[in-house]
Amino acid sequence: MLNFLLRHFVPDYQNTKDPSVRTRCGVLAGALGIILNMLLFAFKLAVGLLSSSIAIVADAVNNLSDAGSSILSMIGFRLAGQKPDAEHPFGHGRMEYLTGLVINEVILVVGFELARQSIERIRTPEETSFSLVTMVILAVSILVKLYMYSYNNRLSRMLSSVALESTASDARNDCITTGAVLLSSLFTYFSGIQIDGWCGLAVSAFILVSGFQSLLETASPLLGQQQDPELVHNIEAAVLSNREVLGVHDILIHDYGPGRRMMSLHAEVPAGMTLMHAHEIAESMELRMNSEFGIPTVVHIDPIDVNDPETAALRKNLLGFLRDISPDIRFHDFRIVQEKSHKKVIFDLAIPYGFAEDPKLLVTRVQDFIREQDPTYRPIITLDHYDSRS
C-alpha cells in the first residue's frame with residue numbers, strides 16, 4: 001500500500017536527499033494519518049457514546065488529537081521544505097522539530113483532560129454496555145494503528161525524521177491503549193465489575209508518559225544534542241587518513257534540521273608546514289567532508305611543533321601524569337610560547353562529561369605539575385569536555 005502511494009504521489013521517493021522529496025513524503029504521511037485517524041475517531045466516538053464508555057470515548061478523542069497532529073506534521077514539513085532566504089540563511093529545517101514540540105504539547109493537554117474525565121467517572125461510575133460491534137470496532141482500530149505504525153516507522157527511517165519517528169511511536173502506543181480498552185470492556189462484560197474509569201485513567205497516564213518522553217526527544221535537537229558517536233568516529237578516521245594530519249579535535253556539528261548540518265573541526269599539522277600547504281590541506285578536507293558526509297565544513301588548522309625537544313619532553317611528561325590520574329583525560333593544542341621572563345605553556349584539557357573529579361581541582365593539579373617541571377613555566381589551560389562514547 002505504501003509503495004503504491006509513494007510511486008503515485010512521490011515518483012522519485014527513493015532520492016531522500018532531495019528536500020522536495022522529503023517534503024512530499026512528509027505531506028503524504030500526514031494526509032494518510034488525517035484520513036485514518038478521522039475515520040477511527042468517528043467510529044469510536046459513536047461506539048463510546050452508545051455504550052456510555054468513557055474509556056472508548058477517551059480513545060476516540062486520542063485519535064482526534066492524532067489527526068490534529070497529522071495536520072501539524074504536514075504544515076511542519078511544508079515550512080521545513082522552504083529554501084534558505086536572507087532572514088534564514090541556513091534554511092527552515094528546524095520547523096520540523098518545532099512542529100514536533102507543538103504536537104507533543106497537544107498530546108499532553110489531551111492526556112490531562114482525559115485523566116480528569118476518568119477520575120470523575122471513578123467517583124461517579126456509570127453502567128456501560130458492550131456488544132459485538134464494539135469489539136469489532138476496537139479490533140479494527142488496533143489493526144489500523146499497526147499499519148500506521150508500520151508506514152510511519154518506515155518513512156522515519158527513510159527520511160531520518162524525528163517527527164515521523166514520534167508519530168510511529170504514538171501509533172504503537174495507541175495499539176496498546178486500545179487493546180487495554182478492549183480488554184477492560186471484555187472484563188466488565190463477563191465479570192460485571194465496572195473498571196471503565198480506571199481503564200480510562202490508565203490510558204490517559206500512558207498518553208502522558210509517552211507524550212512527555214516524545215517531547216524530550218523532539219526538544220533534544222533544538223537544545224543541541226551530542227552527535228552520533230559512530231559519525232564522529234568516521235569523521236575522525238577520514239581526517240586522519242591524511243598522513244600529514246597529526247590529530248583532530250573540537251568536532252562541532254550544528255543541526256539546522258534534518259539534512260541541514262554544518263561542521264567545524266580543528267586539524268593538527270606540523271608547525272614547519274608552509275601556510276599555503278596548510279591551506280590546501282584544510283580546503284581538501286572541507287571538500288571531502290561535504291562529499292562523503294554531506295556536511296559543509298570549516299577546518300581550522302592548529303600548528304604543532306614536532307621538532308622542539310623541550311616541547312616533546314614536557315608533552316611526554318604531562319601525558320604520563322594525566323594517565324596516572326585517569327586514562328580518559330586528553331589534551332590538545334599543546335605549545336610553549338617564549339616570553340621575556342617566562343614561558344607560556346598553552347593547551348586545552350579535555351575531560352569526559354560526568355568526570356568524577358572536580359574540574360577546577362583537576363586544572364589546579366595540572367598547573368602545579370607544569371610549574372614543578374620548570375619555575376619559568378606559566379600554564380594557560382582551557383578546560384574542554386567530550387563525549388566518552390566517541
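Modeller: On a 1 Å grid over the protein atoms alone, a cavity is a set of points where a 1.4 Å probe fits but cannot get out, and a pocket is an open set with protein on both sides within 12 Å along at least five of seven lines, while a lining residue has an atom within 4 Å of a point. The model is predicted, so local features need pLDDT of at least 70 and side-chain atom pairs count only at pLDDT 80 or more, whereas totals for chains, interfaces and linings use all residues. Residues are numbered from 1 along each chain as its sequence is written, and side-chain values use heavy atoms, with hydrogens and water left out.

Biologist: Which element gives the largest share of the lining of the largest cavity?

Modeller: The largest cavity has a volume of about 40 Å³, and its lining consists of Pro19, Arg22, Thr23, Phe77, Ala80, Gly81, Glu96, Pro258 and Arg260. Two or more of the lining residues come from each of helix 2 (19–51) and helix 3 (54–80), where helices (H or I, at least four residues) and strands (E, at least two) are DSSP runs numbered from the N terminus. The largest share, 3 residues, belongs to helix 2.

Biologist: Which element gives the most to the lining of the second largest cavity?

Modeller: The second largest cavity, with a volume of about 30 Å³, is lined by Asn62, Asp170, Asn173, Asp174, Thr177, Phe206, Ile207 and Ser210. Helix 6 (162–191) and helix 7 are the elements that supply two or more of the lining residues. The greatest contribution, 4 residues, is that of helix 6.

Biologist: How many residues of the lining of the second largest pocket are charged?

Modeller: The second largest pocket holds about 880 Å³ of space and has 32 lining residues, with His249, Asp250, Ile251, His385 and Tyr386 lying nearest its centre. Strand 1 (247–255) is among the elements that each supply at least two lining residues, and the largest share, 9 residues, comes from strand 1. In sorting the lining, Ala, Val, Leu, Ile, Met, Phe, Trp, Tyr, Cys and Pro count as nonpolar, Asp, Glu, Lys and Arg as charged, and the others, Gly among them, as polar. By that scheme the lining has 13 nonpolar residues and 10 polar ones, and the number of charged residues is 9.

Biologist: How many salt bridges does the structure hold?

Modeller: A salt bridge is a side-chain nitrogen of Lys or Arg within 4 Å of a carboxyl oxygen of Asp or Glu. One of them joins Lys344 to Glu339, with 3.7 Å between the closest N and O atoms. For the structure, the number of salt bridges is 7.

Biologist: Is Arg123, which forms a salt bridge with Glu120, buried or exposed?

Modeller: The closest N and O atoms of Arg123 and Glu120 are 3.6 Å apart, and both residues lie in helix 4 (residues 95–123), 3 residues apart, about one turn of the helix. Buried means under 20% relative accessible area, exposed over 50%, and partly exposed in between (1.4 Å probe, protein chains only). Glu120, at 36%, is partly exposed, whereas Arg123 has a relative accessibility of 61% and therefore counts as exposed.

Biologist: How many residues apart are Lys343 and Glu310, the pair that links distant parts of the chain?

Modeller: The side chains of Lys343 and Glu310 meet in a salt bridge with an N to O distance of 2.9 Å. Lys343 counts as buried because its relative accessibility is 17%, while Glu310 counts as partly exposed because its value is 26%. Lys343 sits in strand 5 (residues 343–352) and Glu310 in helix 10 (residues 309–325), and their separation in residues is 33.

Biologist: What distance separates the C-alpha atoms of Ile304 and Val269?

Modeller: Ile304 belongs to strand 3 (residues 297–304) and is buried because its relative accessible area is 7%. Leaving out residues up to four places away in sequence, Ile304 touches Leu246, Glu268, Val269, Pro270, Ala271, Asp333 and Phe334, where contact means heavy atoms within 4.5 Å. Although Ile304 and Val269 are 35 residues apart along the chain, the separation of their C-alpha atoms is 5.9 Å.

Technical notes. Points joined across faces, edges and corners; volume = space filled by probe spheres on them.
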